Amino acid sequence: MIKRFLYSQKVAPYVFVLPFILVFLIFWVYPLGSSVTMSFQKITLGQETEWIGLDNYTKLLGDKIFLKSVMNSAVYMLCTLLILIPLPMLLAVLINNKFMWGREFFKSSLFFPALTSVVVAGTVFRLMFGEMDGSLINSFLGWFGIEPVKFLKGQVTGFIALLALATWRWLGVNMLYFLSGLKSIPDDYYEAASIDGASAWQKFRMITMPLLKPTTIYVLTISIYAGLAMFIESLMLWNGNNSPKNIGLTIVGYLYRQGIEKSNLGYAAAVGIVLLVLAMTINMIQLAFSGLFKKED
Amino acid sequence: MKREAALNLKESTATRSKKEISLKILLFVLFAILCGIILIPFYAIALASFKPGEELIRYGLNLKFDLSVMSLDNYTYLFTGQHAYFTWFFNSLLLTVVQVALTLLVSATVAYGFSAYEFKGKNFLFICVLLIMMVPFEILLLPLYTLIFNLGMMNTYSAIVLPGIASAATIFFFRQYLSGIPKEIIAAGRVDGASEYGIYLRLILPIMKPSFAAMAILNGMNSWNNFLWPFMVLSDERKYTLPIGLKTLLTPYGNNYDLLIVGSFFSIIPIFILFVAFQKYFIDGMTAGAVKG
Amino acid sequence: MKKKGIVSLMLLSLLLSLLTACGNSSSTNASGEQSVIDAGAGEGATELSYWTFVELHGKHFEKMLEKWNAENPDRQIKLNVTVMPYDDMHNKLSIALQTGTGAPDIADIELGKFPDFLKGTPQLEPLNDVIDPYRDTIVKSRIDIYSKDGQNYGIPTHVGASVAFYNTEILEEAGVDYTKIETWDDFKKAGEQVYEKTGKYMGTADTSAAWQESMMLAQQGSDFTDADGNPQVNTPEMVKGLQILKDLQDANVISTIAGGQPDTEEAYGEYNSGNYATAFMPLWMMSRFTNYMPDLAGKIAIAPIPVIEKGMPRSVGGGGTGTVVTKTAKDVQLAKDFLAYAKLSEEANVEIWNTLGFDPVNMKVWDMKDVTHNPENEFVKYFKNNPFDVLNEIRDEIKYVKSVPASPTINNVFCTVTLNEIFEDGRDIKEALDDAQAQIEQELQ
């Protein structure tokens, strides 16, 4: 009886998707729900939980360090977008050129950094950007007669190190995305354009860019997400969550500081909800602008 | 394109090929420089793995090739010393294999459910899949932490594997892949009297094999390098994975830099070997998730 | 078909490993175990668990446990030692204590984190009764910093008296005699001479630790907090102290250092290379010298810290670890008795000096010439003069800064923002301190 029920064509699909439903309910809906609830509470573990309405949120608005972390995450995200979309796109077009020698080798070399753990990569970059005159970047600057720089103590220089790390790890990956996008553009488009006497730039503007749009949207979406949720890179680069003047503090870093390091669970939950709303809004706007919701596309 | 050029511009073929060669050289040099820069950190850490930790602390990470301070001591220590490095290494390996195998199996099953059937609530559920892809996992850290704690799953690998077992991105990819498989196969299976599950196990899974490689690599990379969540869940040193173990060496209360650097470098080597051997799969796997034009 | 075999084999092994992973969890709960120290314990021994973030502390307990088990055959102990990274251990301990599950019997808590564990009703056992027998011989202030409402919750490890570590090689090169340095003015003159002759800095302007501010405040009889424990970081005393340091920095006597303070790995490198001549640090910095700065062996001299005006106290206790017994401990009395024995008894304090290189809280040890001046001791060998000669000279001048609920926040704001603004960006001291005060008050709301 039960067997026949389970094996019926009506029930089978639910059995197939059941693992997802369970995981979704237990590990997403429930935690998300309790996150929302917690954000309206003052929670001291082991003691009575207090309902405090919107207090956590109003406090967040006046919390300079939180605003600093939002600023940092936003700037980081924007910078990664500005670097890690045009540059890989250009590289993909160049490397896809039929005059390219050693294409496979270069493809692999550029991609390889993505395989290293952030823990290892972050530590290596921390040491490379060390402030001693003997550390890699400073000794390099020394060849040009530039004084040693305290990279990880300044806002701008600290971000240079962060972005260098991000570029190093993701340049090759994003290039591969664009390469796979390029593969789907038929050669005849370019041949036809050549016959019409189009220049290389014109071909890039008129054929490559528009036809790479789906790939660009994909890369944009994951970059926005990754940029806003960045934490471990900063944690490793500053060897802890407390960077000087909080120059490397991100939203998730602040969530971690409040929730795990200071046990202010309610306040941390509010930070998380703000991040969620932020990420959703930006992605929705982005998707709306790029026309993903239009049926024609 | 070449034919066109040959037809129309016969006389200028010579200048053309000259131009081509200079273009080739230019491109090659450009990429060679770029790769050089990209590979510097690897070279630096490889070099540092032969130097004593105090050298690194004193002069920072640099490219000085100085045979007088270089030795194989760190490697001797790595392979013979008293530390948990290879326990971590093995744990990472085990966890990656377990996680990838289970995630692929479960996600493929779910994806099949979405692709082969029409059922009530399907669209809603699939929107949930897409939604998960947009929620930053990090905001769930705290409630998930308390949940795992209350379930008594602290310090277990189940706590790491289970939340990600139905991976949204993987489901999404498999569904795309399955949509290219003709429905007739399923219908034929039913005619032959196979059960719904028999069809999936015997007919569909074998067809999906090629897509497994790509997803195995993508999930494997994520799992091998996964840090934050395992870091919060695991507290027993003997259960640490490699990234967590390496991070614990970064404390000021122990002279661990020798092991840290050589261990970091050594952790890259197996991935490197795998990567060289299965390059094509890696690159296909990475791009598999991208939307096709 | 080979493939199928491999796949099923893999699945089987996965399931098995998952099951074992689950099985383990139920028995050990939130804690992991690293090593069980038997130390000659017999069948009937009670098993106690201990969390720490310093591996050496476990080693110390191991030594003391052997003696304990030999002396108390009817109350033997097996100790499970778990070493975790600093942040991780404190975070996990905090959650375990507050939820009432998964905490160890005994744990180390660092001074900077201690006030967080005293919030509300502390989930720790008062230790007054086991401290009482030793109370007269140990430094009172080191017990007070781990106390609340007259209850002592933590047993100290060391005094952490701050002293000056001078690199005599550099000083001799510049023709400076460190024994003549008594006030900050003297220090400044000496430093200017060092900078002029060698181009090296005399000392550090710390940005990621507040040891120097503690010293300055203690000299003026002030503190980071007022009598009620409220933050007061923009007091005239604080301004004056920072002004002196800033003045030294402007005169190229002190300079910021890689890592932000002497107790970081980057700074060890700078010192080892002889780029800085002085470190003002608690005495436990000695073990950093012996461990990380081998090149300086035989060159470092220990002396009292300069003061603003002669006659002011020359030292302040800094840092520390309080070892606690949790409310959920299996055998509270046993844990307490062992803890007192392992950290407060005379033998324990001799051992703390011998293996850890700390200035023990039991002052009797300070007078044991054969222990403190043992020529075989690695610390005695490393340093130019004997640390206890200096300690005994300043023993009545060692002040302490209060540890109150606001302390972790004050320290955090100072070490991430304020000190950086003052010494790296050259921001106006009063302005930076006013901002810090506002920030701290806002965070404490």
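Tutor: An unreviewed UniProt entry annotates residues 70–286 of chain A as "domain: ABC transmembrane type-1"; UniProt positions follow the numbering used here, feature names are shortened, and annotations may be inferred rather than shown by experiment. The model is predicted: local features need pLDDT of at least 70 and side-chain atom pairs count only at pLDDT 80 or more, while totals for chains, interfaces and linings use all residues. Residues are numbered from 1 along each chain as its sequence is written, with chains lettered from A and ligands numbered from 1 in the order in which they are written.

Over residues 70–286, chain A is 73% helix and 0% strand, and the end C-alpha atoms lie 19 Å apart. Helices (H or I, at least four residues) and strands (E, at least two) are DSSP runs, numbered from the N terminus. The domain assignment divides chain A into domain 1 (1–38) and domain 2 (54–289), bounds that come from an automatic or database assignment. The C-alpha centres of these two domains of chain A are 35 Å apart.

The sheet is in chain C, where 3 strands form an open, antiparallel arrangement in the order β10-β7-β11; strands pair if DSSP finds at least two bridges between them. Because β10 (278–282) and β11 (300–303) of chain C stand at the edges with a single partner strand each, one side of each has no neighbour in the sheet. The twist averages 30 degrees from one strand to the next, with axes fitted to C-alpha atoms (for helices, over the stretch in contact) and angles from 0 to 180 degrees between N-to-C directions. In chain C, 4 bridges join β7 (residues 162–167) to the antiparallel β11(C), and Asn167(C) stands opposite Ile300(C) of β11(C).
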